[in-house]
Amino acid sequence: MEVMNIHKNLTIKIPQITLNCLSLYFSLSHSLSLFGELRSDQRKKQSEKMTDRVFPASKPPTATNGVPPVGSIPPPPAPAAVTANGTANQKPQVYIPANRPVYRPQPYSRRHHHQSRPSCRRICCCCCFWSILIILILALMAAIAATAMYVIYHPRPPSFSVPSLRIGRVNLTTSSDSSVSHLSSLFNFTLISENPNQHLTFSYDPFIVTIVTAKSGTVLGNGTVPAFFSDNGNKTSFHGVIATSTTARELDPDEAKDLKTDLTRARVGYEIQMRTKVKMMMGKLKSEGVEIKVSCEGFEGGVPKGKTPVIATSKKTKCKSDLSVKVWKWSF
């Protein structure tokens with residue numbers, strides 16, 4: 001009997017319990033859906049607050065610990081796209097941490113653009129450096145070539161000598177009042193030229209000859225030696241070279257006084273000076289005309305009296321020769 005009563009009570013209470021469970025389930029599901037919507041709204045608001053905008057024209061204010069500065073205006077939200085169903089398609093927001101540096105493109109700088117190009121000063125310095133370096137290299141190569149040629153060919157300057165000097169006359173006439181003086185002279189000598197080189201030849205222009213006194217340097221006579229060619233190891237002799245003053249040359253008072261003093265000595269010193277240009281040839285190489293000066297010193301002799309010539313003697317018959325190489329305005 002008791003079992004029957006229990007079974008009867010259970011059959012009456014089961015539908016009621018089931019209804020209560022279903023109502024509790026629906027209420028819980030509705031609460032959960034409301035909570036989910038509220039949570040999603042909070043996340044959207046938080047992401048909108050933390051979104052950072054980059055303005056290229058000016059630097060935007062930065063947030064401190066995720067809190068925007070006072071007085072800053074938040075950027076407007078991006079417009080939502082409307083789909084075919086009429087619902088708004090909200091664009092997802094990008095989360096940027098507050099401590100992450102934001103990339104901002106640097107503006108174009110004309111100064112940096114010009115600095116990348118080489119400056120005029122740098123170009124000039126480079127040109128000067130390379131020019132000087134090339135000149136030094138060329139000078140070094142020329143010095144090496146000249147040294148090699150000197151060692152191989154061993155060039156030597158030509159030699160000149162005057163074995164004898166004959167004095168035909170030296171007449172100095174002075175007017176009664178000593179205001180005007182005239183000179184008449186005649187000299188005759190032998191010139192010998194020798195080329196001591198085996199691979200170098202010389203081509204001489206005409207020589208200009210001048211005979212002067214050794215003491216005062218007064219010019220006594222002038223002459224010339226014809227042009228000639230001196231081959232390898234060749235010796236050339238010129239006999240009867242004449243230096244004269246056929247027409248009586250007028251002297252100034254000081255020059256006449258110095259010459260008169262020189263001629264009063266028992267033995268007068270004479271000096272022969274010659275000047276010309278020579279071209280040097282070595283195989284197919286040929287130089288330009290180089291000036292050469294020849295000086296023959298140490299001659300002594302008396303003044304001839306009458307028509308008998310006087311022979312002037314010298315302890316050294318070899319003459320001095322100086323090659324004068326001219327570079328622009330300087331001579332060496």
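Among contacts in the protein chain between residues at least 6 apart in sequence, what percentage join residues at least 24 apart? Then, where is the place of T218, and is T218 buried or exposed?

Mentor: This is a predicted model, in which local features need pLDDT of at least 70 and side-chain atom pairs count only at pLDDT 80 or more, while totals for chains, interfaces and linings use all residues. Residues are numbered from 1 along each chain as its sequence is written, and side-chain values use heavy atoms, leaving out hydrogens and water.

For contacts (heavy atoms within 4.5 Å) between residues at least 6 apart in sequence, 67% join residues at least 24 apart. The protein chain has 4 helices and 17 strands (DSSP runs, H or I of at least four residues and E of at least two, numbered from the N terminus).

T218 sits in the loop between strand 7 (207–213) and strand 8 (219–225). T218 counts as buried because its relative accessibility is 4%, the class being under 20% relative accessible area, with exposed over 50% and partly exposed in between (1.4 Å probe, protein chains only). Of the 332 residues in the protein chain, 21% are buried.

Leaving aside residues up to four places away in sequence, T218 touches I211, V212, T213, E255, D258 and L259. With the same exclusion, I211 is also among the residues touched by I272. I272, in turn, is one of the residues with the most contacts inside the largest nonpolar core, alongside L165 and F187. Strand 11 (residues 268–282) supplies the largest share of this core, 6 residues.

Notes. A nonpolar core is a set of buried Ala, Val, Leu, Ile, Met, Phe, Trp, Tyr and Cys residues joined through side-chain atoms within 4.5 Å.
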